[in-house]
Amino acid sequence: MTGTSLFTHWYFHLPNFILAALMYTLLGRALLGLIVPPDSTNYIWRFFCRITDPVVAVIALATPKAAAPVVVWLFGVVWLFWLRVGLLYLFLVLGAVPKVS
């Protein structure tokens, strides 16, 4: 891919990047949640929580209330992964995926 491909296909790269960033941040939150208490004042923990709380709220609607928070976070990683796969498939069907040269 050339450097201009990033800008000419922004409609594919931007949503994919946002979903990937959320997915990996949620995975980081799940890993940090194993060693950091939930009410920690650590600025890194607060950042992970602030960024991923909207995603966790949506995932919590489809997850049983009895599930531990770390399970909800891991389900969020899986849901975001499949959302990225679905986005790629949609762009493949539409013929709008950037071509590798």
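The side chains of R29 and D53 meet in a salt bridge, with 2.9 Å from N to O; the term denotes a side-chain nitrogen of Lys or Arg within 4 Å of a carboxyl oxygen of Asp or Glu. R29 belongs to helix 2 and D53 to helix 3, so the pair ties together parts that are 24 residues apart in sequence. By this rule the count comes to one salt bridge.

The model is predicted: local features need pLDDT of at least 70, side-chain atom pairs count only at pLDDT 80 or more, and totals for chains, interfaces and linings use all residues. Residues are numbered from 1 along each chain as its sequence is written, and side-chain values use heavy atoms, with hydrogens and water left out.

Helices are DSSP runs (H or I, at least four residues) numbered from the N terminus. Exposure is classed by relative accessible area, where buried means under 20%, exposed over 50%, and partly exposed in between (1.4 Å probe, protein chains only). The table gives this value for selected residues.

| Residue | Relative accessible area | Class |
|---|---|---|
| R29 | 7% | buried |
| D53 | 39% | partly exposed |
| T52 | 1% | buried |
| T25 | 16% | buried |
| G33 | 25% | partly exposed |
| L88 | 37% | partly exposed |
| I35 | 68% | exposed |
| P38 | 73% | exposed |

**Helix 3 and its partners**

Helix 3 comprises 19 residues and reaches 27 Å from its first C-alpha to its last, close to the 27 Å expected at 1.5 Å a residue. The expected span is 1.5 Å times one less than the number of residues in the helix. A bend of about 50° occurs in helix 3 at T52, and a proline, P54, follows within four residues. The bend at a residue is the angle between axes fitted to the seven residues ending there and the seven starting there.

The buried residues of helix 3 are W45, F48, C49, T52, V55, V56 and I59. These buried residues pack against helix 2 and helix 4 (69-94). T52 itself, in helix 3, is in contact with T25, L26 and R29 once neighbours within four places in sequence are left aside; contact means heavy atoms within 4.5 Å. R29, a partner of T52, is also the residue whose side chain meets D53 in the salt bridge.

**Helix 4**

Helix 4 has 26 residues, which should span 38 Å at 1.5 Å a residue; its end C-alpha atoms are 37 Å apart, which agrees. Its buried residues are V72, W73, G76, V77, L80, L87 and F91, and they pack against helix 2 and helix 3. An α-helix has 3.6 residues a turn, so residues three or four places apart point the same way.

L88 lies in helix 4. Leaving aside neighbours within four places in sequence, L88 is in contact with F12 and V97. The C-alpha atoms of L88 and F12 are 8.1 Å apart, although the two residues are separated by 76 residues along the chain. After helix 4 comes G95, whose phi is positive, near 75°.

G33 is part of helix 2 (residues 10-33). Not counting residues up to four places away in sequence, G33 touches W45 and W73. W45 is among the buried residues of helix 3, and W73 is among those of helix 4. The C-alpha atoms of G33 and P15, 18 residues apart along the chain, are separated by 27 Å.

The loop between helix 2 and helix 3 (43-61) holds I35, and P38 lies in that loop as well. P38 and P69 are 31 residues apart in sequence and 9.7 Å apart in space, C-alpha to C-alpha.

**A nonpolar surface patch**

Y24, L27, L31, L34, I35 and L74 form a nonpolar patch on the surface, with about 650 Å² of accessible area together. Patches are made of residues with over 30% relative accessible area and no salt bridge; like charges are joined within 9 Å, and nonpolar side chains (Val, Leu, Ile, Met, Phe, Trp, Tyr) within 5 Å. Accessible areas come from the Shrake-Rupley method with a 1.4 Å probe, and for residues only the protein chains shown count as cover. Helix 2 gives the most to the nonpolar patch, with three residues.

Key:
Helices (H or I, at least four residues) and strands (E, at least two) are DSSP runs, numbered from the N terminus.
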